[in-house]
Amino acid sequence: MNAASDSPPPPPGSIVGVTPADLDLGARIILAGGLVAAPTETVYGLAADALDGRAVARIYAAKGRPEFNPLICHVASLAMANQLAQFSPLADELAARFWPGPLTLVLPRAATCPVSDLATAGLDTIALRMPKHPAIIGLIERVARPLAAPSANASEQLSPVTAQHVASSLGSRVNLILDGGRTTSGIESTIVALTESGAVMLRPGALARAEIEAVAGPLASPSHDSKVVAPGMLRRHYAPRARLRVNALESNAREAYLAFGDTPRGLVATLNLSPRGDLEEAAANLFAMLHELDSSHDAIAVAPIPNVGLGEGINDRLKRAGARHEESGV
Ligand code: TXA
Ligand code: MG
């Protein structure tokens with residue numbers, strides 16, 4: 001397809017690759033206020049110009065997302081990040097150690113931060129991350145502005161790890177989908193808020209707690225610091241359609257069994273998050289396998305996942321994915 005700047009935009013929902021011409025096209029769409037889904041190392045993001053409130057509103061609308069839920073702003077350089085937030089010495093250290101990568105820092109907004117209030121849902125803090133994927137970095141560099149980007153799925157649905165997941169969840173509500181193949185880490189970034197009283201883990205994710213604590217010291221939990229909450233940490237989230245049961249050591253005839261490591265004696269695994277019991281592999285497979293089982297079964301039983309390292313993030317997602325059914329008692 002000819003991506004010359006005077007050519008008409010492709011129909012909404014079109015999937016292209018991640019060539020320089022594709023990224024040029026994506027940047028033009030974003031600068032015109034549109035939405036572009038792009039791969040990161042965690043999940044696909046639904047990106048818009050973070051400075052353009054109307055474009056940001058289109059993100060919320062496309063996702064059907066509650067407006068109180070703020071978005072992460074993605075940057076391509078420390079210089080860009082420094083225009084948006086106030087960096088403490090600890091923030092500098094964490095950024096130097098883990099960026100680009102799956103760590104989101106919640107920091108005080110800079111006085112002159114130009115990001116739309118809708119993107120930060122009116123908070124005086126801002127969530128920033130520098131992703132480790134050439135496609136989204138190339139997109140940010142071309143736009144030369146931070147990109148607000150939540151996961152590219154309709155609200156409360158599973159996070160997308162392929163371009164096809166984005167297409168089936170959002171369809172023509174996204175202007176363009178950049179297909180960079182399946183994402184590598186498969187669960188979202190770890191979110192840490194830096195407050196006057198210290199560092200708080202708001203969301204476990206693709207970067208293990210121990211790695212962050214080696215730099216920041218022990219991370220507090222949000223309940224110890226009521227001033228910081230991640231509004232997105234609602235109980236019911238990341239929900240598949242199928243009924244989900246966790247810590248299952250057996251399954252009934254109607255359930256798919258999603259195993260981890262060795263399958264319990266007498267059970268046949270429908271799928272296995274990681275036959276060799278590797279938590280990174282399991283995290284990378286989590287959403288893709290839930291998507292697959294969700295389309296073939298009405299109920300899913302998931303094996304116990306050790307709550308260490310990336311297991312903390314996996315268990316968090318599973319707990320939320322199952323919450324819907326516990327609450328409604330079905
Ligand atoms: O890996 C990821 O983080 C992916 C990719 C696309 O980068 N993005 C992602 O975004 O997971 P999203 O919108 O699905 O989750 C953002 C989370 C929400 O739970 C939101 O409430 C929280 O970040 N958040 C954003 N800004 C915040 C702030 N200022 N204070 C506290 N929490 C914030
Ligand atoms: Mg999400």
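This is a predicted model: local features need pLDDT of at least 70, side-chain atom pairs count only at pLDDT 80 or more; totals for chains, interfaces and linings use all residues.
## Basis

Residues are numbered from 1 along each chain as its sequence is written, and chains are lettered from A and ligands numbered from 1 in the order in which they are written.

## Helix α6

Helix α6 covers residues 163–170. Helices (H or I, at least four residues) and strands (E, at least two) are DSSP runs, numbered from the N terminus. Ala163, His165, Val166, Ser169 and Leu170 of α6 are buried (under 20% relative accessible area, with exposed over 50% and partly exposed in between; 1.4 Å probe, protein chains only). Seen down the axis, these buried residues fall within an arc of 160 degrees, so they line one face of α6. The arc is taken from the directions from the helix axis to the C-beta atoms.

The buried residues of α6 pack against several elements, including β1 (14–16), β3 (44–49) and α8 (279–296). Contact means heavy atoms within 4.5 Å. After α6 comes Gly171, with a positive phi near 50 degrees.

## Helices α4 and α7

Helix α4 (residues 89–98) packs with helix α7 (residues 209–216) at an angle of about 135 degrees, and their axes are 10 Å apart. Axes are lines fitted to C-alpha atoms, for helices over the stretch in contact, and angles run from 0 to 180 degrees between N-to-C directions.

On the α4 side, the contact is made by Leu90, Glu93, Leu94, Arg97 and Phe98. Glu211, Ile212, Val215 and Ala216 contribute from α7.

## Ser189

Ser189 is found in the loop between β8 and β9 (190–195). At 2% relative accessibility, Ser189 counts as buried. Leaving out residues up to four places away in sequence, Ser189 touches residues including Thr42, Ile72, Arg129 and Arg203. Arg129 is 60 residues from Ser189 along the chain, yet their C-alpha atoms are separated by 8.6 Å.

## Backbone exceptions

Most residues other than glycine have a negative phi, and most peptide bonds are trans. The Trp99 to Pro100 peptide bond is cis, with omega near -5 degrees. Pro100 is found in the loop between α4 and β5 (103–108).

Ala144 has a positive phi near 60 degrees. Ala144 counts as exposed, at 55% relative accessibility. Glu156 also has a positive phi, near 75 degrees, and lies in the loop between β7 and α6.

How values were computed: Side-chain values use heavy atoms; hydrogens and water are left out.
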